[in-house]
Amino acid sequence: MVDRNPVGGPVATRATPVQDTRDEAHEGQSAQVIPLRSAERGGSQRRRHAVDTGHSGEASVVNLSGATDVPGQRASAEPTPAVAESDELVPEAVAKAVEFVRGRLTGEYDVDEFGFDPELTETVLLPALRMLYDKWFRVEVHGAENLPLGGGGLVVGNHSGTIPLDALMTMVAVHDNHPKQRHLRLLGADLVFKLPFVGTLARKTGHTLACHPDAERLLRGGELVGVFPEGYKGVGKPFGARYKLQRFGRGGFISAALRTGVPIIPCAIVGAEETYPKLGDIKPLARLLGLPYFPVTPFFPLLGPLGAVPLPTKWHIEFGEPVRTDLADGDAWDDPMRVLSLTDRVRESMQELLYARLSQRGGVFGD
Amino acid sequence: MPSNIVLVTGVSGELGGKLLARLGNNPDFERVIGVDTSPPPKRVIARMGNAEFVRADIRNPLIAKIISSAKVDTVVHAATTAHPPGPARRTPVKEMNVIGTMRLLAACQRAPLVRKLVVKSTAAVYGASARSPAVFTEDSPLMPVSPRGFASDAVEMEGYVRGLQRRRPDITVTVARFTSMIGPEVDTVTTRYFALPVVPTVLGYDARMQLVHSSDALSVLELATVRDNPGVFNVGGDGVLALSQAVRMAGRVELPVPMAALPSVSRLLRGANLVDFSHDQLRLLNFGRVVDTGPLKREFGYTPRWSTREAFEDYVQGRALRPVIDGRSLSALLRKVALPSANEHVPSQ
């Protein structure tokens, strides 16, 4: 008990009953109890300043109602009786929201070295995306069992749709269909991180720059990484080229997977390619705005902002059989021929998945 | 052969002075000499034990004479200022950084007795941009943000250090690249920044910050002097804080400024004698910088005792920064208002 609460002796003893309730509430959910920040810290004597200003007087309502899904919140809170009484009547959502706002106001949440903020992602960003996912695109997921249960993995998807909504939907698909609700860490172009707001949000949802060091670091750290090797060529392809995979670059993602020995999971996203049927490209305007392309769709820029609403197509996201990379010998990642042949293999299996799924679907907008 | 006679540069500075006091109280050294253009602060002189202070300018050839006549075998170069905390004129700082380093290293090269060199550098050498990797390792390319800033001085300086290594392979060289330093007692650009009641940030960006506590920085320099650990090492605390998070923790008011208006804000702050924001610093606020400290832990053998968050909390509490916006009382108020009103809507059971 005490070592989980290094804030100080007296607080620890007073907080003991609270933690007992907590533990009961969390039986079988020990994974969420372990990553509490206060548990990770050693050096209790060093935090001498923190002791007196501690968290006394702040009731951790969520702890009592057992509604915590939020990692990174503190265990050590001393409930004031008044709140503890009213506590049982408070709806879970409100208590959760209050707890969330409290963390935001006091800066008590965790961010990893890539800027990933799991609490914000799960509380605010994923629910927002989920609306689009459930109601607008009605995403159906197939083959979620192909995603690795634990450890690193590289999800390779087809990119399309002018605005990379497909990447965000794949993120939701992985989180909501994986038994452990893993986060898909996407690799994005540098343009994403250059843009204000977009770049920050991307970092907060756990995405990072598509470059070798970052990809390898994430994979070595046992994360599930998502990559769209077609890049701009894929996301900005004309409507006529839909579901035709574009060139895959140098296969940098393959060599990162080979180097770390993680499986590659091909992923086919069907439906995204029709959300913004790109008919043309105003190149001078794109150059002026510093964008890779300036799309012309049947509705954009004709209808202005209204034209930027994506068409409500029906989506299917399918995860294919994983391709193992740990069987290759040590320096395969350095051999361009082997990297490229593995790249082609992954590309072919993605194209097959795409065609198979396309032939099965009924219509673009419905089943 | 262990170090015996140590020369420390930049002892009037924050880190150099403390290092002089530490080494001066270490009985293993025969002599500890501190040099700088101005004497160290009084509190350092009072505590510096056997260490002696010599007023000398490292930009002056005289430094070679000091090194050879005192039979110095270990040189600790802590005189480089990567980010002067307050408004400083660019030319003298650059001279001290670049020409001073050149002179000092030339003196080391000519002194046959010198066998160890410890250099204080900065993680700003990696730059910060949308194209940078999220975490810099020691072998990441050095791309300072602008060709004129303090970071580019550090890159030049490290270039001279590599040149010395080439010409004198017998010298053990340790280069420590520090992330932004923070602590209750130090005066750095970071500590001044968070002491502002209203903290300007870049609109639409939330940088990742990695900090190193000043006591950890001191320990790393001391260990590098005492032990032989050749190589380049990033020095930073574990973990990362988002800039907005740090602002909230310090109870400051965040003032997001559009990127285009930021230079004028920084000019204003500089004019008001508050913080000197260089171009490097502005980019740091934009994108942030995180370094990999694996080699520091594994090869150098030092694990920072303060994480980024602990170092920042220590700074906030040690400085007794009075919060402008108190997040704790605000959230307590919210709880008082929100929970009972939520209760009213719950059908009684």
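Mentor: A residue counts as buried when its relative accessible area is under 20%, as exposed when it is over 50%, and as partly exposed in between. The model before us is a predicted one. In it, B:Asp153 is buried, because its relative accessible area is 0%.

Trainee: With which residue does B:Asp153 form a salt bridge?

Mentor: Side chains of opposite charge can pair when their charged atoms come close. Here the partner of B:Asp153 is B:Lys94, and their closest N and O atoms are 3.4 Å apart. B:Lys94 lies in helix 4 (residues 90-110) of chain B and B:Asp153 in helix 5 of chain B, so this pair ties together parts that are 59 residues apart in sequence. B:Lys94 is partly exposed, since its relative accessible area is 30%.

Trainee: How many bridges join strand 4 and strand 5 of chain B?

Mentor: Strand 4 (residues 74-77) and strand 5 (residues 116-122) of chain B run parallel and are joined by four bridges. To see the pairing at the level of residues, find B:Val76, which stands opposite B:Val118 in strand 5 of chain B.

Trainee: What is the strand order of the open sheet in chain A?

Mentor: The order in chain A is 1-9-6-2-5-3-4, and the pairing of these seven strands is mixed. The edges are strand 1 (140-142) and strand 4 (208-209) of chain A, each pairing on one side only. Strand 1 and strand 9 of chain A pair in the parallel sense over three bridges. Within this pair, A:His142 has A:Glu318 in strand 9 of chain A as its bridge partner. Helix 14 (residues 252-260) of chain A packs on the sheet and touches strand 2 (153-157), strand 5 (224-227) and strand 6 (264-270) of chain A.

Trainee: How many helices and strands are there in chain A?

Mentor: Chain A has 16 helices and nine strands. Of its 367 residues, 51% count as buried. For contacts in chain A between residues at least 6 apart in sequence, 74% join residues at least 24 apart.

Trainee: Where in chain A do A:Glu119 and A:Arg104 lie?

Mentor: A:Glu119 lies in helix 8 of chain A and A:Arg104 in helix 7 (residues 92-106) of chain A. Their side chains meet in a salt bridge (2.8 Å, N to O). The pair therefore ties together parts that are 15 residues apart in sequence. A:Glu119 and A:Arg104 are both buried.

Trainee: Between which residues does a salt bridge cross from chain B to chain A?

Mentor: B:Arg131 forms a salt bridge with A:Asp190, with their closest N and O atoms 3.1 Å apart. This pair runs from B:Arg131, in the loop between strand 5 and strand 6 (135-136) of chain B, to A:Asp190, in helix 10 (residues 190-194) of chain A. B:Arg131 is exposed, because its relative accessible area is 59%, whereas A:Asp190 counts as buried at 16% relative accessibility. Over all chains, the count comes to 36 salt bridges.

Trainee: Which residues make a nonpolar surface patch?

Mentor: A:Trp136, A:Phe299, A:Leu302, A:Leu303, A:Leu306 and A:Val309 make a patch of about 590 Å². One of them, A:Val309, is placed in the loop between strand 8 (295-296) and strand 9 (316-319) of chain A. A:Val309 is partly exposed, as its relative accessible area is 39%.

Technical notes. Residues numbered from 1 in each chain as written. Chains lettered and ligands numbered in written order. Predicted model: local features only at pLDDT ≥ 70, side-chain atom pairs only at ≥ 80, totals over all residues. Heavy atoms only, no water. Patch = residues over 30% accessible without salt bridge, like charges linked within 9 Å, V, L, I, M, F, W, Y side chains within 5 Å. Areas by Shrake-Rupley, 256 points an atom, 1.4 Å probe, with all protein chains shown as cover. Salt bridge = Lys/Arg side-chain N within 4 Å of Asp/Glu carboxyl O. Helix = DSSP H or I, 4+ residues; strand = E, 2+ residues; numbered from the N terminus. Buried < 20%, exposed > 50% of the residue type's maximum accessible area, 1.4 Å probe, protein only. Pairing = 2+ DSSP bridges. Contact = heavy atoms within 4.5 Å. Axes fitted to C-alpha atoms, helices over the stretch in contact; angles between N-to-C directions.
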